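This briefing covers aromatic rings and charged side chains. Look at the sequence and the structure first, then read the points below.

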Amino acid sequence: MASPSSTVASSKVELHLSCTKLKDLDILSKSDPMCVLYTKRGGSGGGWSKVGRTEMIKDNLNPKFAKSIVMDYFFEEVQQLKITVYDVDSVTHIDDFSRHDLIGEAEFTLADVISAGQELVKTLRQKGKTCGKVHVLGEELEDNKFDLVMQFSANNLDKKDFFGKSDPYFEIAKTQEGSGSSVVYRSEHIKKTLNPKWKSFTISAQKLCSGDWHRTLEIIVWDWNSNGDPDFIGKTTTSLSDICIERGGSVRNLPIENPAMKAKKGSKYHNSGIISFDTVKATPVHSFVDFIRGGCQINLVVAIDFTGSNGNPSDPKSLHFNAPDKESEYVYAIRSVGSVLAPYDSDQSYPCFGFGAKVPPTFQVSHCFALNGNEQNPEVVGIDGILGAYYYTLSRVQLYGPTNFASFLDRVIQMSSAPMSQNSQFYNILLVLTDGIITDMRQTVDRIVHASNLPLSVVIVGIGGADFTNMETLDADDKPLVNSRMQRMARDIVQFVPLRQFKSQRGAHFSLAKETLAEIPGQLISFMKAKGMKPNPPVLRRQETTMQTQAPYPSSNQPYQASDMPPSYPSGPGSSAPYPSGPGQSAPYPSGPGSSAPYPSGPRQSAPYPSGAGPSAPYPSGPGPSAPYPSGPGPSAPYPSGPSPSTSNQISARSTGTDGPPPYPI
């Protein structure tokens, strides 16, 4: 597992703001609008903090502001934004917002801006009334979009080893805004030399200097020691603009100094060596933001462990146990990671699978089954849809085992093998939630090596306190995976994080998402580069955020629309529960008369899945218990009834284990 610095943003984004049809608050003239941008990052735990503001434009209800606002963009975070539009009443006190009249506000996330393509349009509201529109265009700063190919050497370094020459290596540290510095690169050490020439390396401008080519960089040279305690040789400072000839730099070498040696030797001290910048070449590159703005679709796929080692879901000690006042670690992880990825998925539909359980109606063990019971269409709508399907599955399957990954990896590999063209780009992210030790490790490695050539990243979150040594092996940061045919993986696509590492931390949701998703932008870029794909021009993908909390199952016999879905799952006492429960709290889906029904009946709005007569019920019942959701005539029902190929094919060589070969060459 790589450990990305918490201070390194994915990029810097410049936000351009404009408004249309603002409400006029002035009696004798038009309003004098100004926009103020606030942010609230996922792990801050606090309120809104000001990022910046635009200028004031006098007498204009359709202003286009010239002053833009620049902010850091973190793909792996939910960066909540709020734009407040004021009618300025006092120019001399323009930053005292209490002196101005509020026109309206709009909330969204920075991810909404990035994924919108050309621009995001939000409705401004004040006390529930529409007060106009705000248009937000986000553009990445061009100075971020460079890779630097660099090679350094040194001469006449101080000798630090008593019986031999030094073993030098160097570090580059960038100064942070405010104070301090952080190491962004560390070279290899070269043994027994005072005149080293280190290997060439490549680093992005964003990581090296946060896209600020004038930011101070420290070059520190050390003498490596086997005990892990290096000796300081010396350091110097410079900037990327000074050493990059392509950008007008003229510095080719600099002396490094050791303040302690200088104080000791006085006027006799000259330096502790000379470091030379042999190669500093800037190469323009495409960025993650470029691909997202150009319409590249990010697709989330979820696979959840239903093996017996999790414990009986009705037992409070079970990893699957959910209570109104305490969500399980599985729910916790789905919310944490899903909330970050949701804005990038335009249709908000997510294929969800389970593994390691006995599944009805045959109750044979399956290592890949659709959580919604529909093998032909395993997608659910929204993050709440994932949770709804998860709870539903707990109510109908028998937890079993073993913990096999190969079958659901085959399913996701098949999805990721769909044709992709320059004009139709996508990238899949598989979120695996598991509590145990993989029992088909060889087959899993074979599939991950194969998948490393596909538009796919695999994020594994370890649930509970099991031994996750095998997972660390799959997270091949130091040692690339090799398959049964001795073929090495094309690129690193797996990230593993044990949830227990974050549960006790403040802002743990925030920290888990950051750790699991920080590598995704680089993995997407590496795939696109390998396939010769370039970003498309920005597209107008959507105008309003899809702040979804839809139910996973439609409540009519018509094809469902996001706008038709109820705002949430109604509940009884304890609104945190996604499904209401009557007598018998242990059951996630209480039943009325006829306990065989998975969903309770009653007044239409009182339960999430009413089962009254007629087509209004999403799951009308009839003869044929072979299907989980038998339906009457008509293809409009999401779950067909009667003998179903999906039911019989659910238990297959592909989806039940590792007896059969994968449906592709290894």
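A charge is said to sit over a ring if NZ of Lys or CZ of Arg is within 6 Å of the ring centre and within 35 degrees of the ring normal. The model discussed here is predicted. In this model, the charged end of Lys82 sits over the ring of Tyr38, at 5.5 Å from the ring centre.

**Charges over rings**
- Besides Lys82 over Tyr38, there is Lys358, whose charged end sits over the ring of Tyr400, 4.1 Å from its centre.

**Aromatic pairs**
- A search of the whole structure gives 22 aromatic pairs.
- The ring centres of Tyr185 and Phe201 are 3.8 Å apart and the ring planes are at 10°, so this pair counts as stacked.
- Tyr185 belongs to strand β11 (residues 181-186) and Phe201 to strand β12 (residues 201-204), so the pair ties together parts that are 16 residues apart in sequence.
- Both Tyr185 and Phe201 are buried.
- One aromatic cluster is formed by Phe152, Phe170, Tyr185, Trp198, Phe201 and Phe277.

- Arg53 is found in strand β3 (residues 49-53).
- Is Arg53 buried or exposed? Its relative accessibility is 17%, and buried means under 20%, so Arg53 counts as buried.
- The side chains of Arg53 and Asp95 are joined by a polar contact of 2.6 Å.
- Neighbours within four places in sequence aside, Arg53 is in contact with Met34, Cys35, Val36, Lys67, Ile69, Ile94 and Asp95.

Technical notes: Residues are numbered from 1 along each chain as its sequence is written. This is a predicted model: local features need pLDDT of at least 70, side-chain atom pairs count only at pLDDT 80 or more; totals for chains, interfaces and linings use all residues. Side-chain values use heavy atoms; hydrogens and water are left out. Rings of Phe, Tyr and Trp (its six-membered ring) pair if their centres lie within 6.5 Å; planes under 30 degrees apart count as stacked, over 60 as edge-to-face and the rest as tilted. Helices (H or I, at least four residues) and strands (E, at least two) are DSSP runs, numbered from the N terminus. Buried means under 20% relative accessible area, exposed over 50%, partly exposed in between (1.4 Å probe, protein chains only). A polar contact is a pair of N or O atoms within 3.5 Å; within protein, one must be able to donate a hydrogen and the other to accept it, and residues adjacent in sequence count only if both atoms are side-chain atoms. Contact means heavy atoms within 4.5 Å.
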